[in-house]
Amino acid sequence: MADVAALAGVSHQTVSRVVNGSDAVRGDTRDRVLAAIEELGYRRNKSARALVMRRSGRLGLLYSQPHLYGPSMLAASVHQAGQKAGYDIILSPVPHLEAASAERAIEALLDDAVEAVLLGVSHQSFEDLVVQLASTVEVVMIHSDPPAGVRSVGIDQYAGAELATKYLLDLGHRTIAHVAGPVGWIDARQRREGWLGALQDAGVDRGPEIFGDWSSRSGYEAGAELARDPSVTAVFAANDSMALGVIRALHEAGRRVPQDVSVVGFDDVPDAAYLWPPLTTVRQDFEPLGALAVEVATKAIDHGSVEVPPLLAPELVVRDSAAPRSGG
């Protein structure tokens, strides 16, 4: 900045005003400063500015399993929304779902002087850690069932599972199996409870339940087991990857989808429309979720408190993998 000031023949304070968009510097003086900035290739030192302003302009996102569709889309949406809001986003994937791994990732974010931490890990093992973290930095959880006293945004996982199950009930199915996500995952728990709640409301007994690990392989193994049960005419899988595995296993067992068994997934991954048959699924829109998370975080930074918005509504996307129950 001193070099810019010398080249433009102005004071250091004048350069600072121009760089920070002040209207106090106009005309030829402003033009000389801008020309000097361009000639010297000047860029503001964010670290120095952060010391002066006591603001780093950084938000941290803690998330896990970046190879999965949901977490990867969440990270992309938060990054995009943060940039639009003028913040740098520090992405910190957690390699292992254990307290020590999470603590190291959080320490790294705090070392980067983030002004808020957005937590995109919906696993119950992180809940105590989040409550502790909220006492030192602004925290926004990104899922649908946060611990008491922690602000959050999310998509209504229960409602999404309820939509999927009610759709299968409306098609006449009465033995609806569920391939659940792994134990400990809050999203998996909410989707399972939505499945159970819809069945209970309809006065229908629960169908078989098998726990997977979000992978297509676990869906395939569950599908092979369900294919041996002739009473099962529909399957609600807790994500699209497991639904894909279920469909493959049913096909190999000679049970047609959707003529013999209907299958509904959750997420609406980009490939869902191009599977055979095209997959009926529950869509989560991650773009507004990321924007909402950043909005709540920045309002909390600026004002200290913020009204927590209601959960975003998922959408049932009807394609060809579910059909009326045969003979019903």
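Biologist: Which helix holds Glu162?
Modeller: The model is predicted, and local features need pLDDT of at least 70, side-chain atom pairs count only at pLDDT 80 or more, while totals for chains, interfaces and linings use all residues. Residues are numbered from 1 along each chain as its sequence is written, and side-chain values use heavy atoms, leaving out hydrogens and water. Helices are DSSP runs of H or I with at least four residues, strands are runs of E with at least two, and both are numbered from the N terminus. The run at residues 157-170 contains Glu162, and this is helix α8.

Biologist: Is Glu162 buried or exposed?
Modeller: Buried means under 20% relative accessible area, exposed over 50%, and partly exposed in between, with a 1.4 Å probe and protein chains only. Glu162 has 18% relative accessibility, so this residue counts as buried.

Biologist: Which residues does Glu162 touch?
Modeller: Contact means heavy atoms within 4.5 Å. Leaving aside residues up to four places away in sequence, Glu162 touches Gly194, Ala198 and Asp201.

Biologist: Is Asp28 buried or exposed?
Modeller: Asp28 sits in helix α3, residues 27-40. Its relative accessibility is 60%, so Asp28 counts as exposed.

Biologist: What is the strand order of the open sheet?
Modeller: Two strands pair if DSSP finds at least two bridges between them. β1 (residues 58-64) and β3 (residues 116-119) pair in the parallel sense over four bridges. The edge strands, each pairing on one side only, are β2 (88-94) and β5 (152-153). With parallel pairing, the five strands run in the order β2-β1-β3-β4-β5.
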